[in-house]
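Reader: Could you walk me through this one? I'd like to hear what stands behind each label you use.

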Amino acid sequence: MRLLVIEDNATLSELLAKGLRTAGYEVDLLATAAEARAVLMTTSYAAIILDLGLPDGDGLSILRELRHRKDSTPVLVLTARGGLQDRVSGLRSGADDYMVKPFALEELVARLEAQLRRPGQQLGSSLHIANLEFDLRSRQAVIDDQPQMLSSRETAVLELLMRSKGRVVSKKQVEDHIFGLSGDVASNAVEVYVHRLRKQLSDKGAKVQIHTIRGVGYLIAEEKA
Amino acid sequence: MIRFKSIISRIVILHVIAVAVTSVLMSVALSWLLSVATNNIHNEAMGEQAVSLAGHLALKADGSFSLDLPPSLQGLYSQPYGRYSYAVVDDTGKTLFSSLKDKAPVFAADPRVSTVQFLETRIGDAAISGASIRRIIGGKTVWVQAAEDLANRDVLIDDIVEDFYKHVGWITLPILLVLLVIDIAIFRRALLPLRQASETAQQIGPARTDIRLPLDEIPGEVRPLVSAINKALDRLDEGFRLQREFTADAAHELRTPLSILRTRVETLDDPRIAKALHLDIEAMSRVVGQLLDIAELEAFAIDPQETADLQAASAEVAGFVAPLALEQGREIALLGATTPVWIKGNAEMIKRAIRNLAENAIRHAPKNTVVEFVVEENGTVTVQDRGPGITEEERELIFRRFWRRDRNHQGSSGLGLSIVQRIAELHDAKIEVENRVMGGAQFSLHFTPCAAPDTRGT
């Protein structure tokens, strides 16, 4: 899978390329907005990593042009500006995700994969946490290579939590995900499913933990020793 | 020197003084002019009377004069009437004829005086004023004097003078007052553009540095001031812009090398060194981020129209810090309101404040304790921990930049609470620091609650 990295700092750009190649991607590097414009007119990539502070123009304008052409290639924006206005305008211009420097390469790869796994995108493999694996295509949970039988709702909860690895999923999101818009949901329904899922996972020896963040939501993480 | 609060009051007061002075001066001037005019009329009349008397004077054959007055004139000069008098004096000073009792001249005549002379004298209590003319009749020179007792002056003239003051004299005051009212109206009209400019200036604030005062309607006299103000605003605007640019540039220049460093460290072979370096970079990145936050806050202004949902902001921050807290063995809980709590302010800034409070609390909370966020309907968010709490002496110090209880404490830059304080200032929010009964510290931010925003609009 070929990625395009548009970053003017040569060192960072080389390091990014190295990291992404290690993660199994092919990488093209560009340093200016003008080059990027020219290349994007003729070539399409699986995803684009775009730095906003380019020497010859604002990276956001490249993004806007791309979206204007109805090109839905996932774009992950890198920026030094963590400022609020920048973040808002980045997402408004059509960025799929946003990372403020300095970022962990590991996280960049994870977020990139999350984008590539989205419906319509190219990556369709599985998600892993410790000895727990979730195959996104078959929607099958696997613990220590043993396929597990989970109810459809438990599966839905697990999928959502694993897709959001490292982030808290709000109770509302879980509710929407498992029940959609279908009528009334008992107020403790989500708790019930999470509780069941938790029990199933621990019974089957998964080394993961589903944390409840009271008042906020849930978070799946590797079990701490 | 009197200090005036406004141009209008200055105009009114000075105008009133001018009106008072003018009306006094005008009365004096007018009465002087009037008395001059009446005197002239009187003198002219006296001169004419003397001429008419002289017409009746004839030189007899014996060289003496005769004065043959017709009865109408005799009545005019009669003693009982007493108003007019006449005398004829020759060049020796001898009185030839006189209407007075003692045949005395009306005026002590000087033989060498010119043709016509207007004189005044007193006879007893009466003030006498009249004319003396020189006539040469048959080679002999005589002076004919005609005079009027001023006490019995022509009633008509006196009436006119009196009437003048009653009707004409008093009219000057209202005229001047009308003029004052007109002046005020003119000035108010002239100052209208200034008042409009002031209203425009009212809207200028850190959030709206783009507004300039309109020059079109401004009177030429005030234009230099207004354009100077506009230029000052340009410079301020430029200052804000430079500050914002600096923040953006500094962010880029500081964070890009950190990214490089971090990425390099990630590719190191020795995981132990990588981990240690990683922690250092984390700490460094945090300080850089906070310094940039501070720089940004210096030039940041909140749009007074902005509103934020404190509950949502707290939930977002709680969700954001939870993974990190769990990793470090602390739990996060969000308590209190479960529905939107609308407050005035910028959501992103409010989140930053809460985040800094939360990170502070997580750092000080002992393992396996809960850091709680409590959102109240009245626009208050409280972050509480079970840490050591804050001593009385520390309460002021903790908000100082770079202050730390333990200078060797990892991961703390001492900037977090000063950021919280600055954001609170921007929002007119009160910060409350307390120690909890069961131990631990609690920081509350009291924001200004407001109505839910109109979701029908944009």
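Author: Let's begin with pairing: two strands pair if DSSP finds at least two bridges between them. Strands (E, at least two residues) and helices (H or I, at least four) are DSSP runs, numbered from the N terminus. This is a predicted model, where local features need pLDDT of at least 70 and side-chain atom pairs count only at pLDDT 80 or more, while totals for chains, interfaces and linings use all residues. Residues are numbered from 1 along each chain as its sequence is written, with chains lettered from A and ligands numbered from 1 in the order in which they are written.

Reader: Which strands make up the open sheet in chain B, and in what order?

Author: The order is β9-β11-β12-β14-β13 of chain B, with mixed pairing. At the edges sit β9 (331–336) and β13 (430–435) of chain B, each pairing on one side only. From one strand to the next, the twist averages 15°.

Reader: What makes β12 and β14 of chain B a pair?

Author: Five bridges join β12 (residues 380–384) and β14 (residues 441–446) of chain B, in the antiparallel sense; the definition asks for at least two, so they pair. T380(B), for one, stands opposite H446(B) in β14(B).

Reader: Which helix packs on that sheet?

Author: Helix α7 (residues 347–364) of chain B does, touching β11 (370–376), β12 and β14 of chain B. Contact here takes C-beta atoms, placed from the backbone, within 7 Å. The direction of α7(B) makes about 20° with that of β12(B); axes are lines fitted to C-alpha atoms, for helices over the stretch in contact, with angles from 0 to 180 degrees between N-to-C directions.

Reader: Why is V370(B) called partly exposed?

Author: V370(B) has 15 C-beta neighbours inside 10 Å. Buried needs 20 or more other C-beta atoms within 10 Å and exposed 12 or fewer, with C-beta atoms placed from the backbone, so a count in between is partly exposed. V370(B) lies in strand β11 of chain B and touches E331(B) and A333(B), not counting residues up to four places away in sequence.

Reader: What counts as a nonpolar core, and which residues touch the most other members of the largest one?

Author: A core is a set of buried Ala, Val, Leu, Ile, Met, Phe, Trp, Tyr and Cys residues joined through C-beta atoms within 7 Å. Among the 64 residues of the largest, L310(B), A318(B), A322(B), A353(B), I354(B) and A358(B) touch the most other members. Apart from it lies another core, of 43 residues, including L4(A) and V27(A).

Note on methods: Contact = placed C-beta atoms within 7 Å.
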